[in-house]
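Let's take a walk through this one together.

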Amino acid sequence: MWLHSLSDWTEWVSGLHICVAILCLPSTMVEKFQAKADDILIATYPKAGTTWMIEIMDSIRQGGITKEITTIPSHERTPFLELSSMGTLPAGKSLYASDMPSPRLVKTHLPFQLVPQSFWDKGCKVIYVARNAKDILVSYFFFHKITPILPHAGTWDDFFESFLSGNVVWGSWFDHVTGWWDVREKHQILYVFYEDILQDPMREVERVARFLGHTLDNGTIQEIVKHTSFNMMKDNPMTNFSRMPTCIVDVRISPFMRKGQVGDWKNHFTVAQNQRFEEEYRRRMAKTSLRFRTEL
Ligand code: A3P
């Protein structure tokens, strides 16, 4: 289902799970959100590497790994545009109270058409991270298990079908990635692939830095690449969600930083599921020039 407005989405989410609906901010409030010209938006479909990119962007704009980065959890540095999380995430409140110092780094999982108009009116820079659907599906399935605010995922087979039909909280992956792809040249949007960052982090960090208007020396880029590597982030309480309230994400069940690989889908898809997925994929992606890699 194509989501036309934020109220469509809120209604849709309430139908899926009342819990996450309660945590969503009222659609009128999000619609009226006043972006500032120097706000930077990080937009992703869930599980595309949002937390990874946040850490990269924050390190870039701070010129390296500062005290703020090593002492404040990532989710407190980056407010979530559409979720209030009932006051458990302090950054969300400051964003709407506009008492957050600029430049602000704002996170969203909204599809392009639901992003508040002021981001476009103010010409804000946006980084969109996309990841191949097969690995997202696996990662999203496991994420449901540690996230009490999300609907019950059901079995792997159930979730596989829900994902393919777009019957999940932020809607269809197909609509999301193609929607953002189609408008990337109309606004200041840098479209980045998870698989590219994994393959060549130096190149991608430099590309992001250039887009954000920062020139960093080689040593700083290396420092950022090291700080944002999977193993470092997995052990870092500021990035591994261990400081997140357990009513939102409970990493005691299993880690948020799970595998960080390309191709883990091969450990989960059956042959029949892969075939079914490929058919649906061909149908849904027939008209786009967007291409993903499912292995490196
Ligand atoms: P997996 O579940 O496949 O391991 P998001 O932040 O959008 O929720 O995405 C989470 C996914 O990104 C998880 O995928 C997580 O392990 C992966 N990820 C986070 N940081 C990463 C890093 N530094 N390198 C590679 N993958 C990373």
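Which helices each supply at least two residues of the shell around the ligand? Keep in mind that this is a predicted model. The helices are H4 (50-61), H9 (133-146) and H15 (230-235). In total, 21 residues surround the ligand, and the closest are Thr 50, Thr 51, Ser 139, Arg 258 and Gly 260. Sorted by class, that shell has 8 nonpolar, 8 polar and 5 charged residues.

In soluble globular proteins, nonpolar side chains tend to be buried together. Here the largest nonpolar core has 66 residues, and Met 57, Ile 127, Tyr 128 and Leu 137 have the most contacts inside it. H9 gives the most to this core, with 7 residues. Pick out Tyr 128 and you'll find that it touches Ala 43, Thr 44, Trp 180, Ile 189, Tyr 191 and Val 192, leaving aside residues up to four places away in sequence.

Trp 180 leads us to helix H11 (residues 173-182), where Trp 173, His 176, Val 177 and Trp 180 are buried. These four cover an arc of only 85° around the axis, so they sit on the same side of H11. Their cover includes strands E1 (40-44), E3 (125-130) and E4 (189-193), along with H9.

Last stop: Glu 195, in helix H12 (residues 194-199). Is Glu 195 buried or exposed? Glu 195 counts as buried because it has 20 C-beta neighbours inside 10 Å. Setting aside residues up to four places away in sequence, Glu 195 touches Asn 132, Val 262, Arg 293 and Leu 296. Lys 134 is 61 residues from Glu 195 along the chain, with 12 Å between their C-alpha atoms.

Key. Residues numbered from 1 in each chain as written. Predicted model: local features only at pLDDT ≥ 70, side-chain atom pairs only at ≥ 80, totals over all residues. Near = placed C-beta within 6 Å. Nonpolar A, V, L, I, M, F, W, Y, C, P; charged D, E, K, R; others polar. Buried ≥ 20, exposed ≤ 12 C-beta atoms within 10 Å, placed from the backbone. Arc of directions from axis to C-beta. Contact = placed C-beta atoms within 7 Å. Core = buried A, V, L, I, M, F, W, Y, C linked by C-beta atoms within 7 Å.
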